[in-house]
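Please keep the sequence and the structure in view while reading.

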Amino acid sequence: KRQVVHQPLAALGLAGRYRLVVEERRSGGLRGLHLAVDSLEPDPPHRLWGELRRQIAAAPLDPALRERVLAVFTLLAEAEAVVHGQPLERVHFHEVGALDALVDVVGVCAGLLHLEVELLLCTPPPAGHGSVATAHGPLPLPAPAVLEIARVRGMPLASSEGFAAGELTTPTGAA
């Protein structure tokens, strides 16, 4: 079943550029699986939204998968354009456009389609607090792009009370 994730990533030219690491972990007395994306690229390129959009649109992907992946990255690009005050086509994906975000978005969308998930419900994600180092310098948390996505989509963010300072919801995760 790994091909559900790996095949569309290969169609985007990403084969051999990442590794998925699955390990059992414990948190709060419960056990579960943790999935990490390891980049095998020493210096993943920054991508302009227009280039990334064309790459996704031209890849030999299932049309439903292409539509979902484009919807997620469009939401991210629009939020980044607003918070950075740039035209949509000039948006550079730094953290968001890194290889791990591509693997995350394509993998999750492919998995949901494969499992035929029609409705996904979850509690509001925690906002996070503190600051995070980014390509644009330190940013307050929740990150401005997370706040913009939450505003546009009407998505509530839960309190971070009781959590250590840090990024608890990323723009990719919010999208």
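How are α3 and α4 oriented to each other? The model is a predicted one, in which local features need pLDDT of at least 70 and side-chain atom pairs count only at pLDDT 80 or more, while totals for chains, interfaces and linings use all residues. Residues are numbered from 1 along each chain as its sequence is written, and side-chain values use heavy atoms, with hydrogens and water left out.

## Helix α3 against α4

The axes of α3 and α4 come within 9 Å and cross at roughly 135 degrees, where axes are lines fitted to C-alpha atoms, for helices over the stretch in contact, and angles run from 0 to 180 degrees between N-to-C directions. The two helices are therefore oblique to each other; angles under 35 degrees count as roughly parallel, over 145 as roughly antiparallel, 65 to 115 as roughly perpendicular and the rest as oblique. Helices (H or I, at least four residues) and strands (E, at least two) are DSSP runs, numbered from the N terminus.

The contact (heavy atoms within 4.5 Å) involves residues of α3 including Leu 65, Arg 68, Val 72 and Phe 73, and residues of α4 including Leu 102, Val 105, Cys 109 and Leu 113. By class, the residues of this contact divide into 13 nonpolar, no polar and one charged, given that Ala, Val, Leu, Ile, Met, Phe, Trp, Tyr, Cys and Pro count as nonpolar, Asp, Glu, Lys and Arg as charged, and the others, Gly among them, as polar.

## Helix α3 against α2

Helix α2 (residues 49–58) packs with helix α3 (residues 63–84) at an angle of about 175 degrees, their axes lying 10 Å apart, which means that α2 is roughly antiparallel to α3. Among the residues that make the contact are Trp 49, Leu 52 and Ile 56 of α2, together with Arg 66, Leu 70 and Phe 73 of α3. The contact of α2 with α3 comprises eight nonpolar, one polar and two charged residues.

## Helix α3 against α5

With helix α5 (residues 144–153), α3 packs at an angle of about 115 degrees, the axes being 9 Å apart, so α3 is roughly perpendicular to α5. Residues of α3 including Leu 75, Glu 80 and Val 83 meet residues of α5 including Pro 144, Ile 149 and Arg 153, and the contact divides into nine nonpolar, no polar and three charged residues.

Within α5, the buried residues (under 20% relative accessible area, with exposed over 50% and partly exposed in between, for a 1.4 Å probe and protein chains only) are Ala 145, Val 146, Glu 148, Ile 149 and Ala 150. These buried residues pack against α3 and α6 (171–174).

## Cysteines

The count of disulfides is zero, a disulfide being a pair of cysteine sulfur atoms within 2.5 Å. The sulfur of Cys 109 is 14 Å from the closest cysteine sulfur, in Cys 122, and therefore too far for a bond. Cys 109 counts as buried at 7% relative accessibility, whereas Cys 122 counts as exposed at 69%.

## Backbone features

A cis peptide bond, with omega of about 0 degrees, joins Leu 141 and Pro 142, and Pro 142 is placed in the loop between β6 (137–141) and α5. Following α5 comes Gly 154, whose phi is positive, near 65 degrees.

Glu 116, although not a glycine, has a positive phi of about 60 degrees. Glu 116 lies in the loop between α4 (99–114) and β5 (130–134), and is exposed, with a relative accessible area of 66%.
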